[in-house]
Amino acid sequence: MGLATMVIEWTDQLSVGNETIDSEHRGLISLVNDLVRAIEKRSSSGLALAFEQLEQRLCLHFANEKEIARTIGLDFSHHELAQQYMLNELRFLKGLLDAKNCLWFDGAVAHFAHFLKNWMIDDHIVRLDMQIKPALQTHPYGFKNDETPAHG
């Protein structure tokens, strides 16, 4: 019997007060859900694609956050270090899963799903990005620097 996929959902409490960042967070949550499903299905091709898409979108998101922070005059050095640590954690998890060649128990699937939910929601959005929410809320919700790369 298979596991029920733990789906991560966006809620209004996760809003940091910026349309670009919130939209990217929704997209990242969707990609984390895709990754969890690939882990659950033990699909090596799906896993590789999900990791690649998540890492690419995460790098773009981090660049956008940095540019928005720069534009509104926020010191982003601590945030940037935390973002690099998050990327390293994601790459480490990818290495662990690659080494197992999709041979893991249901308990491991639940563990990886829980890790990814905590990694995206608790670590990135709640602990890290909520720190910049007060500064973001001093600008219109749709504020975006003209140089901010478009997200897709």
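Helix α3 is followed by N101, a residue with a positive phi, near 50°. Helices here are DSSP runs of H or I with at least four residues, numbered from the N terminus. The model is predicted, so local features need pLDDT of at least 70 and side-chain atom pairs count only at pLDDT 80 or more, while totals for chains, interfaces and linings use all residues. Residues are numbered from 1 along each chain as its sequence is written, and side-chain values use heavy atoms, with hydrogens and water left out.

Helix α3 itself spans residues 77-100, which is 24 residues. From its first C-alpha to its last it reaches 35 Å, close to the expected 34 Å; the expected span is 1.5 Å times one less than the number of residues. Its buried residues are H79, Q83, M86, L87, E89, L90, L93 and L97, where buried means under 20% relative accessible area with a 1.4 Å probe, protein chains only. The cover over these residues includes α1 (19-41), α2 (44-71) and α4 (106-128). An α-helix has 3.6 residues a turn, so residues three or four places apart point the same way.

Helix α2 has 28 residues and reaches 40 Å between its first and last C-alpha, close to the 40 Å expected. Buried in α2 are L47, A50, F51, L54, L58, H61, F62, N64, E65, E67, I68 and A69. These residues pack against α1, α3, α4 and α5. After α2 comes G73, whose phi is positive, near 80°.

The axes of α2 and α4 come within 15 Å and cross at roughly 10°; axes are lines fitted to C-alpha atoms over the stretch in contact, with angles from 0 to 180 degrees between N-to-C directions. The two helices are therefore roughly parallel to each other, a term for angles under 35 degrees. The contact (heavy atoms within 4.5 Å) is made by L54, L58, H61, F62 and E65 of α2 and by W119, M120 and H124 of α4. Its residues divide into 5 nonpolar, 2 polar and 1 charged.

The largest nonpolar core has 40 residues. Such a core is a set of buried Ala, Val, Leu, Ile, Met, Phe, Trp, Tyr and Cys residues joined through side-chain atoms within 4.5 Å. The residues with the most contacts inside this core are L35, I39, L47, L116, W119 and M120. At least two of its residues come from each of α1, α2, α3, α4 and α5 (133-136), and α1 gives the most, with 9 residues. Leaving aside residues up to four places away in sequence, L35 touches L47, A50, F51, L54, L90 and L116.

Methods:
Buried < 20%, exposed > 50% of the residue type's maximum accessible area, 1.4 Å probe, protein only. Parallel < 35°, antiparallel > 145°, perpendicular 65-115°, else oblique. Nonpolar A, V, L, I, M, F, W, Y, C, P; charged D, E, K, R; others polar.
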